[in-house]
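Biologist: I would like to learn how to read a model like this one, feature by feature. Could you walk me through it?

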Amino acid sequence: MRHGVTLDPQEIARARILLEDARSILVLTGAGISAESGIPTFRGKGGLWRNHKPEDLATSEAFRRDPRLVWEWYAWRRELIARCRPNPGHRALAGWAMVSAGVTLVTQNVDGLHEAAALDVADGHESERAFPIELHGSLFRVRCTRCTYRAPDRKMVDASGHAALPHCPQCSALLRPDVVWFGESLDTVLLDRAFRAAEAAEICLGVGTSALVHPAASLPLATLRAGGKLVEVNPDPTVLTTLATVSLRANSGETLQRLLLGS
Ligand code: OAD
């Protein structure tokens, strides 16, 4: 996260007008929206992929080779994230999505903080309206490596040895985190919904993503190709910056509050 980045009020005003005038909006979030909750991003300073190799920890080959090591890393992330709370950016987005028609929220994050924010701010509104399409799965779900078992799971995982790792209650095979690993396909139903929303969107609002990992990173491009516009929120420039009608160069916590709630 970069500190001390200030927002240009005129740029915020331009972005607000674009959002207010749009009948359909796709929001795509990435790890940056959770940075202010204390969760490390993947790339950039302090990013997870700076200290770890994805091929050692986030591929099905790595899991087959050493499930204990992979579970240890996911257990560490679960513990870290279980202590984190949604930040003002998640809450602004949830509150706004609940009362605005035509908003589809898509996230690459596996931390469950959009859903937690929706439940926090629901206040009589239907919280499900602010639940995101989780393109890369969830750290707080498991699935079986053999059968179709899949379930929510927030328990701490003991990764001290192979025998202690979580096993399937139906077929006893090893369970794995229900996240998408490198080289794996995304859920086609979710991906389809996300692309349909991207193509129908008059505006794509990209928040806290480096937009380097496809197919998620193709969603803003799908909106642009269909004639829509792009608004970006990110303290650093990305591959989307030059394509954006407005690029708000600031952290998402304060920016989303001002942009979506006017506060
Ligand atoms: P990245 O780590 O690639 O990018 C995070 C982005 O957040 C960067 O562009 C930062 O500049 C920005 N950022 C940092 N602090 C911010 C703040 N306070 N407010 C707003 N933005 C901030 O994360 P993703 O784009 O989400 O995939 O990465 C995409 C995918 O790559 C992840 O879902 C994960 C990873 O490998 C899988 O695990 C399948």
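Biologist: Which residues in the largest nonpolar core touch the most other members?

Modeller: First, a word on the basis: this is a predicted model, where local features need pLDDT of at least 70, side-chain atom pairs count only at pLDDT 80 or more, and totals for chains, interfaces and linings use all residues. Residues are numbered from 1 along each chain as its sequence is written, and side-chain values use heavy atoms, with hydrogens and water left out. A nonpolar core is a set of buried Ala, Val, Leu, Ile, Met, Phe, Trp, Tyr and Cys residues joined through side-chain atoms within 4.5 Å. Buried means under 20% relative accessible area, with exposed over 50% and partly exposed in between (1.4 Å probe, protein chains only). Here the largest core has 32 residues, and V27, L93, L205, L248, L256, L259 and L260 touch the most other members. The helix that gives the most to this core is α6 (residues 88–99), with 6 residues. Apart from it lies another core of 29 residues, including L57 and W181.

Biologist: What is L205 in contact with, beyond its neighbours within four places in sequence?

Modeller: Contact means heavy atoms within 4.5 Å. For L205, the list is L26, V27, L28, V231, V233, L259 and L260.

Biologist: Which residues of helix α6 are buried, and what covers them?

Modeller: Helices (H or I, at least four residues) and strands (E, at least two) are DSSP runs, numbered from the N terminus. An α-helix has 3.6 residues a turn, so residues three or four places apart point the same way. In α6, the buried residues are G89, H90, A92, L93, A94, W96, A97 and M98. Their cover includes β1 (25–29), β2 (103–107), α7 (113–121) and α10 (252–261).

Biologist: Where is N87, and is it buried or exposed?

Modeller: N87 is in the loop between α5 and α6, and it counts as buried because its relative accessibility is 3%. Leaving aside neighbours within four places in sequence, N87 is in contact with I33, S34, E36, S37 and G253. At the start of α6, a side-chain oxygen of N87 comes to within 2.7 Å of the backbone nitrogen of G89.

Biologist: How many bridges join β4 to each partner?

Modeller: β4 (residues 137–144) pairs with β5 over 3 bridges, and 5 bridges join β4 to β6. R141 has P152 as its bridge partner in β5, while C144 stands opposite L175 in β6. The hairpin of β4 and β5 has 5 residues between the strands. Of the 8 residues in β4, 6 are buried.

Biologist: Where is H136, and what does its side chain reach?

Modeller: H136 is in the loop between β3 (133–134) and β4. The side chain of H136 reaches the backbone oxygen of Q108 at 3.3 Å.

Terms used
A polar contact is a pair of N or O atoms within 3.5 Å; within protein, one must be able to donate a hydrogen and the other to accept it, and residues adjacent in sequence count only if both atoms are side-chain atoms. Two strands pair if DSSP finds at least two bridges between them.
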